[in-house]
Amino acid sequence: MREICIRKARNSDLLAIQRLLSTYFLDMEGLAPEDFVLAEIDGKITGCAALIKSEFHGKNFLEIHSIAVHPNFRGKGVGTRLVKYLLTTTGDSCCDLYVRTTAPIFFEKLDFKKVENSEKLSLWKDCKNCEHFEKCTQHAMKYSYK
Ligand SMILES: CC(C)(COP(=O)(O)OP(=O)(O)OC[C@H]1O[C@@H](n2cnc3c(N)ncnc32)[C@H](O)[C@@H]1OP(=O)(O)O)[C@@H](O)C(=O)NCCC(=O)NCCS
């Protein structure tokens with residue numbers, strides 16, 4: 001396997017991020033390129049993930065958003081490297097780290113644990129206001145720093 005390099009994104013990476021996310025019908029949801037980290041293999045951007053600070057009902061927390069790996073590079077450890085990089089860079093944080101994901105098994109392998117719907121409702125206003133909440137396919141998961 002060729003080397004996977006992880007780096008912070010720059011403004012000039014905007015189009016590459018948008019292209020990658022659009023593969024999975026994802027958009028940047030108000031995120032800026034600077035919120036992302038990128039995975040590169042041989043200079044080609046093969047994956048991205050964003051980390052944002054959120055707040056709801058007075059609770060501050062961190063959230064992984066918009067993680068995507070190019071279809072040709074899935075299953076090769078790129079997503080794992082992106083998440084581990086984010087975990088390392090937030091390791092001294094006092095905030096909990098969450099993700100809402102349709103790929104819970106991937107995150108379970110990275111020691112994230114599923115949280116109850118009651119916690120999900122207490123963290124995200126859009127979940128609280130969503131008429132599809134009961135049928136939602138996105139699992140809320142939390143990473144606890146050891
Ligand atoms: C989910 C995603 C980011 C994972 O990235 P990746 O580079 O393919 O993952 P890795 O190669 O690091 O996989 C690590 C492990 O998780 C497993 N895994 C990866 N994606 C998985 C998925 N969607 N469902 C179940 N297991 C998955 C891998 O099989 C691997 O298991 P192993 O260690 O036992 O071999 C990537 O597959 C992707 O972009 N999917 C489409 C977009 C998407 O679903 N994004 C998540 C929305 S929150």
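Here are some notes on the ligand site and a few individual residues of this predicted model.

1. Ground rules. In this predicted model, local features need pLDDT of at least 70 and side-chain atom pairs count only at pLDDT 80 or more, while totals for chains, interfaces and linings use all residues. Residues are numbered from 1 along each chain as its sequence is written, and side-chain values use heavy atoms, with hydrogens and water left out.

2. Who surrounds the ligand? Start with the shell: 18 residues surround the ligand, and the closest are Val69, Gly77, Gly79, Thr80 and Lys109. By class, the shell has 8 nonpolar, 6 polar and 4 charged residues. Here Ala, Val, Leu, Ile, Met, Phe, Trp, Tyr, Cys and Pro count as nonpolar, Asp, Glu, Lys and Arg as charged, and the others, Gly among them, as polar.

3. Where the shell comes from. Four elements each supply at least two of its residues: strand S4 (59–69), helix H2 (78–89), strand S5 (96–101) and helix H3 (104–108). Helices (H or I, at least four residues) and strands (E, at least two) are DSSP runs, numbered from the N terminus.

4. Ile67 has a polar backbone atom 3.0 Å from a nitrogen atom of the ligand. Arg74 uses its side chain, with an N or O atom 2.9 Å from a ligand oxygen atom. Taken alone the ligand exposes 880 Å², and the protein buries 69% of that (Shrake-Rupley areas with a 1.4 Å probe; for residues, only the protein chains shown count as cover).

5. Most residues other than glycine have a negative phi. Asp42 is not a glycine, yet its phi is positive, at about 50°. You'll find Asp42 in the loop between strand S2 (36–41) and strand S3 (44–56), and it is exposed, with a relative accessible area of 59%. Asp111 also isn't a glycine and has a positive phi of about 75°. Asp111 sits in the loop between H3 and strand S6 (113–114) and is partly exposed, at 40% relative accessible area. For these labels, buried means under 20% relative accessible area, exposed over 50%, and partly exposed in between (1.4 Å probe, protein chains only).

6. His65. This residue lies in strand S4. Is His65 buried or exposed? His65 counts as buried because its relative accessible area is 14%. A polar contact of 3.2 Å joins its side chain to that of Glu29.

7. The loop between H2 and S5. Thr90 lies here, and it is buried, at 6% relative accessibility. Its side chain reaches the backbone oxygen of Leu86 at 2.8 Å. Gly91 is found in this loop too, but it is partly exposed, at 40%.

8. Tyr145, to finish. Look for Tyr145 in the segment after strand S7 (139–143). Tyr145 is partly exposed, at 25% relative accessibility. From Arg81, Tyr145 is 64 residues away in sequence and 17 Å away in space, C-alpha to C-alpha.

How values were computed. Near = heavy atom within 4 Å. Polar contact = N/O pair within 3.5 Å; in protein donor to acceptor, adjacent residues only side chain to side chain.
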